[in-house]
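Student: I have a structure open and have not looked at it before. Can we go through it together?
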Amino acid sequence: KPQGIPMRQLEEVVLLPDELEALKLYEVDGLDQTQAAKKMNISQPTFARILDSAQKKIAGAIVNGKAIRIEKE
């Protein structure tokens, strides 16, 4: 969340567990989409959609000063 702004005053963006996993595998672990999709037991096109959603949520939250809440399974 942005520093100095109470949570109650912020809009939230919710990052789903599969979105967090996709970000981790692709951005942190450095896997390509095909490898990451195999690890998640999903197709590459599905992985691409999940990753795109996660990246848009994160970027939107940063640019617009929103809090990011990570949903637990």
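Tutor: Start with Ile58, which touches Leu15, Leu23 and Ile68, leaving aside residues up to four places away in sequence. Keep in mind that this is a predicted model.

Student: Which helix does Ile58 lie in?

Tutor: Helix 3, made up of residues 44-64.

Student: And is Ile58 buried, partly exposed or exposed?

Tutor: Partly exposed, because its relative accessibility is 23% and buried means under 20%.

Student: How far apart are the C-alpha atoms of Ile58 and Val28?

Tutor: They are separated by 15 Å, and the two residues are 30 apart along the chain.

Student: New topic. At what angle do helix 1 and helix 2 pack?

Tutor: About 135°, with the axes 9 Å apart. Helix 1 covers residues 17-28 and helix 2 covers residues 33-40. The two are therefore oblique to each other. Their crossing is right-handed.

Student: Which residues meet there, in helix 1 and helix 2?

Tutor: From helix 1, Asp18, Glu21, Ala22, Leu25 and Tyr26; from helix 2, Gln33, Ala36, Lys39 and Met40. By class, that contact has 5 nonpolar, 1 polar and 3 charged residues.

Student: Now the whole chain. In what order do the elements run?

Tutor: From the N terminus, the order is β-α-α-α-β, with 3 helices and 2 strands in the chain.

Student: What percentage of the residues is buried?

Tutor: Buried residues account for 25% of the 73 in the chain.

Student: And the accessible surface, what does that come to?

Tutor: About 5,100 Å², with 52% of it belonging to carbon and sulfur atoms.

Terms used
Residues numbered from 1 in each chain as written. Predicted model: local features only at pLDDT ≥ 70, side-chain atom pairs only at ≥ 80, totals over all residues. Heavy atoms only, no water. Helix = DSSP H or I, 4+ residues; strand = E, 2+ residues; numbered from the N terminus. Buried < 20%, exposed > 50% of the residue type's maximum accessible area, 1.4 Å probe, protein only. Contact = heavy atoms within 4.5 Å. Axes fitted to C-alpha atoms, helices over the stretch in contact; angles between N-to-C directions. Parallel < 35°, antiparallel > 145°, perpendicular 65-115°, else oblique. Left-handed = near helix turned anticlockwise from the far one by under 90°. Nonpolar A, V, L, I, M, F, W, Y, C, P; charged D, E, K, R; others polar. Areas by Shrake-Rupley, 256 points an atom, 1.4 Å probe, with all protein chains shown as cover.
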